[in-house]
Amino acid sequence: MDPYDYIIIGAGSAGCVLANRLTADGKTTVLLLEAGGKDNSILVKMPAGVGALIKDKNAYNWGFWTESEPHLEDRKLWWPRGKGWGGSSSINGMIYIRGHARDYDQWRQMGLSGWSYAEVLPYFKRAETLDTGGDDYHGGEGPLFVSHASTPNPIFSTFIKAGEQAGYKITADFNGYQQEGFGPYQLTIKDGARWSAAKGYLHPIKDIRPNLTTQIDARTTRILIEDGRAVGVEYAQGKKAKRTSVYAKSEVLLCAGAVQSPHILQLSGIGDPEALAKVGMPVVHALPGVGKNLQDHLDVIVSWECTQPITAFSYNQGINKLITGINYLLRGQGPGRQNFLESGAFLKSRPDLDRPDLQLHFLIAIMKEHGKVIIEKDGFSAHICQLRPESRGEVKLKSLNPFDDPAILANYLATDEDRRALREGVRMIRAVVAQSAFDSLRGAEFQPGADVQTDEQLDAWIRQTAETIYHPVGTCRMGPAGDEMAVVDEALCVHGLKGLRVVDASVMPTLVGGNTNAPTIMIAEKAADMILGRAPLAPDDAPVYEGAAA
């Protein structure tokens, strides 16, 4: 088999972007390896299918579990992660959020040249087609379709109105000048269908570019390293299948995500020598930071019963569930077009903060344990997550078997500040739902319940119920030369090795203030230019953001 110019490990949000951009000249040869399959389920296409996709291990969901979390009463937490074409963009909630502009300026201040807000904004715009057209903050010609929330359900606007009544700001565009406040979400949905990275970047080209080869059900077992250079990839199509080796003339591009990118590096003997030695893995290249710096958004859900039958429960009760499915399949209409969380908020838990540290996702359902527990009543919920946790976790090898899951320890709520912020968030959302806008809809508080009030009671409830909201990052973080815990440099090249880059959410040095899919796509767009040796897009210095330095 002739070597490819590039081998991409993982056809998720970043891998699909790279497959598209690197093969655009018709000459550069690329092999795209994906451990899962194709994204051909109706549950992937239909926005309302998200609930079924995230709650169980299935063909589209790796379904990881963490180790016992020491600050969450030793619970093991369920971690859905996307599998197959599109990766997590094929099973996520379809919310398009970039994070706060100051997040990227902070990266630049950490010594990462090229990653300021002004420098990454052009890549966000290049990726995007907003349904209302491009402007200073948005693109109008990119592969990723982004739409404004459009469901007529009055609960979403009620939530925004109640936020205004409670004294908070209102913002029409969380990705524009002002993130802080209550407002509608923008969604990766087009014409009532999920618009994943695979839909935007991979499907339009996979059958018409002969220089792109795709391989599904291909589990990467290790990266091949010779004389300090990544020269190829070994993969297997089944636990007992023969291992296949493929080779890259230019680079191997690791795009397997915040869990599996460090796992694959460790399986290749790249990582912390002490941790590798504990499982008997020979050290090929010592890099202590691999798997460290794990950050995630921890989430608690405050729910109320709803006095009117206009929530997801009534849409799916009895025969309505069948009608919803048939209506979507035959006409592309009805509740199947919805993701059920179309409004939200970004708030400060303390007035002295320079940017919001809490995000609210408002859901027209009562949700518990990722939808594993069915609540048979109309209701609505506010997901509350702390955007910039101080706690840090780790991803480690459990064994030398590449088909075994890694050990994930998120180490949630390890600091007083992390606990304080979530506690305050619960009190803030209670005050919002108590506003008069909710008077015609608000029933009894379902969880945690009106009797849970003191700091001690709230802390105990949070420990017992908090879960991930699916935003792990940081396990192969960027850092300048001399930073011994950095895994990649500002060009995403693995420190100390040639021919190997990591391109996905694992390279984020700090967790951004919002959902992580759009930032991951931006990282891949920027990486494509760096890989091909093209000049970066010119910094966009026209748009400003609230709170920017003068």
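Trainee: Which residue meets Asp455 in a salt bridge?
Mentor: A salt bridge is a side-chain nitrogen of Lys or Arg within 4 Å of a carboxyl oxygen of Asp or Glu. Here the side chains of Asp455 and Arg427 meet in one, at 2.8 Å from N to O. The pair links distant parts of the chain: Asp455 is in helix 13 (residues 455-465) and Arg427 in helix 12 (residues 416-433), 28 residues apart. Helices (H or I, at least four residues) and strands (E, at least two) are DSSP runs, numbered from the N terminus.

Trainee: What should I know about the model and its numbering?
Mentor: This is a predicted model: local features need pLDDT of at least 70, side-chain atom pairs count only at pLDDT 80 or more, and totals for chains, interfaces and linings use all residues. Residues are numbered from 1 along each chain as its sequence is written, and side-chain values use heavy atoms, with hydrogens and water left out.

Trainee: Is Asp455 buried, partly exposed or exposed?
Mentor: Buried means under 20% relative accessible area, exposed over 50%, and partly exposed in between (1.4 Å probe, protein chains only). Asp455 is partly exposed at 32%. Arg427 is partly exposed too, at 31%.

Trainee: How many salt bridges does the structure hold?
Mentor: It holds 35. One of them joins Asp354 to Arg355, with the closest N and O atoms 3.0 Å apart. Asp354 is partly exposed at 41%, whereas Arg355 is buried at 11%. Asp483 and Arg477 form another, at 2.9 Å. There, Asp483 is partly exposed at 25% and Arg477 is buried at 14%. Salt bridges also link Arg21, Arg126, Glu525, Asp529 and Arg534 in a network.

Trainee: Where does Arg21 sit?
Mentor: Arg21 is among the buried residues of helix 1. That helix (residues 13-22) is mostly covered, with 10 of its 10 residues buried.

Trainee: How far is Asp504 from the nearest side chain of opposite charge?
Mentor: For charge, Lys and Arg count as positive and Asp and Glu as negative; His and the chain ends are not counted. Asp504 is buried yet has no salt bridge, and Arg81, the nearest side chain of opposite charge, is 9.3 Å away. Asp504 lies in the loop between strand 26 (500-502) and helix 14 (517-532).

Trainee: Which side chains make polar contacts with Asp504?
Mentor: A polar contact is a pair of N or O atoms within 3.5 Å; within protein, one must be able to donate a hydrogen and the other to accept it, and residues adjacent in sequence count only if both atoms are side-chain atoms. The side chain of Asp504 has one with that of Ser261 at 2.6 Å. Another joins the side chains of Asp504 and Ser506 at 2.4 Å.

Trainee: What covers the two faces of a strand, and which residues of strand 20 are on each side?
Mentor: In a regular strand the side chains alternate between the two faces of the sheet. In strand 20, Leu358, Leu360 and Phe362 are on one side and Gln359, His361 and Leu363 on the other, and all are buried.

Trainee: Which strands pair with strand 20?
Mentor: Two strands pair if DSSP finds at least two bridges between them. Strand 19 (residues 343-347) runs antiparallel to strand 20, joined by five bridges. Six bridges join strand 20 to strand 21 (residues 379-386), also antiparallel. Gln359 stands opposite Phe346, and its bridge partner in strand 21 is Cys385.
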